[in-house]
Amino acid sequence: MSETRRPTLADQVYDQLLAKILEEAYPVHSRLPAEEVLAQEFGVSRPIVRAALSRLRDDGIVQSRRGSGSYVLRRPDRQLISFVPLESISDVQRCYEFRIDVEGAAAAWAARRRDDEDLAAMDQAYEVMEQTYEQNALGVDSDQMLHLAIARASKNPFFASVLESLGEQIAFGVKLSRSLTLLDAPGRQQLVLAEHRAVLEAIRLKQPAVAEATMRHHITAAKDRMFVGTQDS
């Protein structure tokens with residue numbers, strides 16, 4: 001995914017800062033060096049550093065404190081780097097961000113427009129996904145099948161077309177997320193299944209606002225599961 005465009009200087013600084021956070025050169029809760037110090041260290045201008053820090057803030061990895069600087073909130077899961085190059089993390093994050101908005105809207109429209117045939121397709125996809133989870137398989141295809149069934153239930157072909165056109169990128173992120181889930185405690189698999197069930201139930205009950213909220217929550221949670229949460233000091 002990282003080869004789809006040439007990385008900018010801000011991308012490179014983002015990756016280097018992320019690597020230092022991963023390696024705990026900057027541990028969780030620690031204060032990052034000042035912008036001018038980072039600019040000198042990486043051989044770039046302060047606006048470049050500022051752009052990289054802004055993206056780290058957007059991803060919830062660092063937090064700015066007025067008059068005090070930037071602090072590390074959380075770091076990538078160490079297992080993450082065994083599956084993808086560090087520079088791919090930013091692209092995965094951006095794909096998930098896009099999905100949050102697009103699939104949240106698709107779920108809302110599906111709740112308004114779904115019919116019995118759509119419900120049957122979603123239920124079938126969920127059953128296949130549940131079976132793959134029970135077998136501790138990755139289940140990337142079944143996950144995508146379920147999300148596509150929801151998009152098709154919106155009765156707006158643009159939603160399904162977007163997901164299909166981004167199929168390779170979405171599969172990349174889902175495979176990563178599932179790989180981390182399989183390494184985690186069994187409860188994490190059940191949590192992911194429960195998130196999907198909540199979306200389907202809202203669609204079944206024709207609750208557009210709930211369907212959108214639960215889908216946005218699910219994809220946001222999937223994105224966040226690539227990272228280790230804030231630790232207690």
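Predicted model: local features only at pLDDT ≥ 70, side-chain atom pairs only at ≥ 80, totals over all residues.
**Entry 1: H4 against H6**

I started where Arg99, Glu103, Ala106, Ala107, Trp109, Ala110 and Arg113 in H4 meet His147, Ile150, Ala151 and Ala153 in H6. Contact here means heavy atoms within 4.5 Å. I sorted that contact by class and got seven nonpolar, one polar and three charged residues. My classes: Ala, Val, Leu, Ile, Met, Phe, Trp, Tyr, Cys and Pro are nonpolar, Asp, Glu, Lys and Arg are charged, and the others, Gly among them, are polar.

Residues are numbered from 1 along each chain as its sequence is written, and side-chain values use heavy atoms, with hydrogens and water left out.

I also noted how elements get their names: helices (H or I, at least four residues) and strands (E, at least two) are DSSP runs, numbered from the N terminus.

Next I looked up the geometry. Two packed helices are described by the angle between their axes and the distance between the axes. Axes are lines fitted to C-alpha atoms, for helices over the stretch in contact, and angles run from 0 to 180 degrees between N-to-C directions. H4 and H6 (residues 140-153) pack at about 55 degrees with axes 7 Å apart. That makes H4 oblique to H6. My cut-offs: under 35 degrees is roughly parallel, over 145 roughly antiparallel, 65 to 115 roughly perpendicular, and the rest oblique. The H4 and H6 crossing is left-handed, meaning that the near helix is turned anticlockwise from the far one by less than a right angle (clockwise would be right-handed).

**Entry 2: H4 against H8**

How do H4 and H8 lie to each other? Their axes come within 10 Å and cross at roughly 105 degrees, so the two helices are roughly perpendicular. H4 brings Ser88, Val92, Cys95, Tyr96 and Arg99, and H8 brings Gln169, Ile170, Phe172, Gly173, Val174, Leu176 and Ser177. By class I have seven nonpolar, four polar and one charged.

**Entry 3: H9 against H10**

Here the axes come within 8 Å and cross at roughly 160 degrees. That makes H9 roughly antiparallel to H10. I looked up the hand of the H9 and H10 crossing too: left-handed. The contact includes Val192, His196 and Val199 of H9 and Val210, Thr214 and His218 of H10. Its residues divide into nine nonpolar, four polar and one charged.

**Entry 4: the cavity**

Then I went looking for holes. On a 1 Å grid over the protein atoms alone, a cavity is a set of points where a 1.4 Å probe fits but cannot get out; a pocket is an open set with protein on both sides within 12 Å along at least five of seven lines, and lining residues have an atom within 4 Å of a point. Grid points are joined across faces, edges and corners, and a volume is the space filled by probe spheres set on the points.

I found one cavity of 30 Å³ or more. The largest cavity holds about 120 Å³. Its lining has 13 residues, with Asp143, Val174, Ser177, His218 and Ala222 nearest the centre. Which helix gives the largest share of that lining? H8 does, with four residues.

Last, the largest pocket, with a volume of about 180 Å³. Of its 15 lining residues, Glu35, Leu53, Ser64, Gly69 and Ser70 are closest to the centre. H3 supplies the largest share, three residues. By class I wrote down four nonpolar, five polar and six charged.
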